[in-house]
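Hello,

Here is the structure we talked about. Please have a look at it before reading on.

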Amino acid sequence: MVEVQPERVLHLNDREAGKGDLVLYWMQASQRTLHNHALQFAVSMANGQKLPLVVFFGIDEDYPQANERHFKFMLEGLSEVQNELERIDTRMVVRRVEPWKGALALSREARIAVCDKGYLKHQRDWRRRFAGEAECTVVEVESDVIVPVGCTGGKERYSAAVLRPKIHALMDGFMMPPDNVRPTLGSLDLSFEGLDLADSVSVLKGLWIDRSVHGVDRLEGGTYNALQRFRGFLRSGLDLYGIERNDPSRGIQSDMAPYLHFGQISPLTLALEANEAGSPGTEAFLEELIVRRELAVNFVSYNDRYDTFECLPRWASDTLMTHSMDLRKYTYDRKELEEGRTHDPYWNAAQKEMVVRGKMHNYMRMYWGKKILEWVEDPREAFSTALDLNNKYSLDGRDPNSYAGVAWCFGKHDRPWSERPIFGKVRYMNDKGLKRKFDMEAYVSKVSMMGG
Ligand SMILES: Cc1cc2nc3c(=O)[nH]c(=O)nc-3n(C[C@H](O)[C@H](O)[C@H](O)COP(=O)(O)OP(=O)(O)OC[C@H]3O[C@@H](n4cnc5c(N)ncnc54)[C@H](O)[C@@H]3O)c2cc1C
């Protein structure tokens with residue numbers, strides 16, 4: 001256990017301490033109590049100043065591309081957090097409000113406000129506006145990566161090969177969990193209006209949100225569920241991870257992405273437990289969890305065009321535009337794709353897996369994105385179609401990994417390959433490769449049994 005490392009901490013304004021008599025933690029990205037550096041930092045501040053701690057969360061019903069599926073999963077996790085905080089006599093105020101405005105309202109009663117760190121543009125913008133208007137000190141504490149994003153050079157890195165040595169050189173220094181200190185003064189008796197999340201189903205029903213995609217029951221949100229699932233994976237998946245994770249018929253994967261996306265589990269918790277397992281699959285797992293995932297965080301942090309075709313390296317966008325008029329044997333519009341009505345049973349199964357289960361197998365995600373590029377006439381349109389479908393149906397959508405994953409299909413973080421129609425120099429994938437390597441009929445049959 002260690003105190004929060006200074007590299008995770010950033011003062012967002014230069015205001016003096018406010019006149020209020022509490023410490024506020026605006027929880028938004030790190031929706032958990034376990035291994036949450038921002039929460040621990042706020043507890044230390046509160047204890048040091050002999051003040052109570054109040055935690056705030058703002059439910060943004062207009063959150064970009066969020067629908068009932070995402071809200072259900074998030075509320076399941078937040079309900080657990082509110083309960084956990086109550087057990088340590090700490091008030092968690094949850095309100096239906098634009099998050100930074102809700103935090104600002106409560107900050108008027110605070111001496112110091114602590115926030116965590118999400119990486120997307122709107123999350124950065126929220127913090128900037130909050131810190132600009134708050135009348136107290138605002139401190140950001142980064143908890144959702146192993147190596148804080150600024151430690152690897154403060155600029156966009158071209159590929160995993162470039163980022164990997166930097167991460168490897170630093171990661172041991174960040175592999176310690178933060179202290180687990182409890183608040184010494186309780187705040188439950190302070191009265192604030194807010195939602196009681198004990199019955200998250202009723203709260204969900206009352207939200208004014210996009211209902212076009214229903215929640216899924218196979219993956220339930222919250223840290224407890226994440227840990228249960230992950231420990232099952234450590235027992236029966238991790239040993240095979242290095243050799244069989246790509247096989248869509250096997251499902252050798254942790255399913256941690258939705259939990260990581262909502263901050264319901266810390267990558268640190270997963271890395272520590274995977275290390276302790278001492279499995280032959282540990283190294284491959286940490287490569288994905290740390291290097292690949294943090295490459296995506298680096299990408300969205302330093303490339304503001306991450307959600308558009310313009311984020312691609314020049315060689316990739318040029319080659320795709322040069323080949324944009326090439327003859328396509330099959331073309332589909334967005335509706336046909338969304339409904340999984342192509343000639344390709346493997347692609348249709350992958351689309352169905354995402355629609356029904358809220359998550360597509362990693363290897364199929366690559367194939368799925370490549371085929372959208374092949375079948376949609378304009379590469380720009382293909383890019384936005386892939387991103388929109390991914391974000392609409394995936395529980396882990398709207399994540400740095402969503403943007404990096406889709407962009408990868410179009411050449412991001414990759415290198416030029418030999419030139420061919422439609423793809424130009426961008427890496428190509430085909431169904432023959434799938435059939436050669438995996439039992440694809442088993443995958444299709446597995447998905448067909450998922451219902452929906
Ligand atoms: C077109 C496309 C779209 C994608 N969309 C998303 C998305 O919306 N959300 C999302 O989290 N990931 C996305 N990915 C990356 C990857 O497919 C998922 O992270 C992975 O499938 C998540 O499943 P898991 O948690 O069971 O992974 P596991 O294999 O168990 O891996 C553990 C963790 O490592 C990280 N990881 C694994 N593979 C990758 C990878 N290729 N790149 C970056 N990090 C990785 C994830 O955080 C994952 O949760 C996408 C990839 C592609 C090609």
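Below are notes on the ligand and its surroundings.

This is a predicted model: local features need pLDDT of at least 70, side-chain atom pairs count only at pLDDT 80 or more, and totals for chains, interfaces and linings use all residues. Residues are numbered from 1 along each chain as its sequence is written, and side-chain values use heavy atoms, without hydrogens and water.

The ligand sits in the largest pocket. A pocket here is an open set of points on a 1 Å grid over the protein atoms alone, with protein on both sides within 12 Å along at least five of seven lines.

The shell holds 26 residues, each with a heavy atom within 4 Å of the ligand. Tyr241, Ser254, Asp255, Asn362 and Ser402 are the closest. Domain 2 (145-177 + 223-302) and domain 3 (309-448) both contribute to the shell, so the ligand lies between them. The domain bounds come from an automatic or database assignment.

Now the polar contacts (N or O pairs within 3.5 Å). Ser254 places a polar side-chain atom 2.6 Å from a ligand oxygen. For Asp255, a backbone N or O atom is 2.7 Å from a ligand oxygen. Asn390 has a polar side-chain atom at 2.9 Å from a ligand oxygen. Taken alone, the ligand exposes 830 Å², and the protein buries 94% of that (Shrake-Rupley, 1.4 Å probe).

Best wishes

Key
Polar contact = N/O pair within 3.5 Å; in protein donor to acceptor, adjacent residues only side chain to side chain. 1 Å grid on protein atoms, 1.4 Å probe; cavity = no way out; pocket = protein on both sides within 12 Å on 5 of 7 lines; lining within 4 Å. Sits in = over half its atoms within 2 Å of the grid points.
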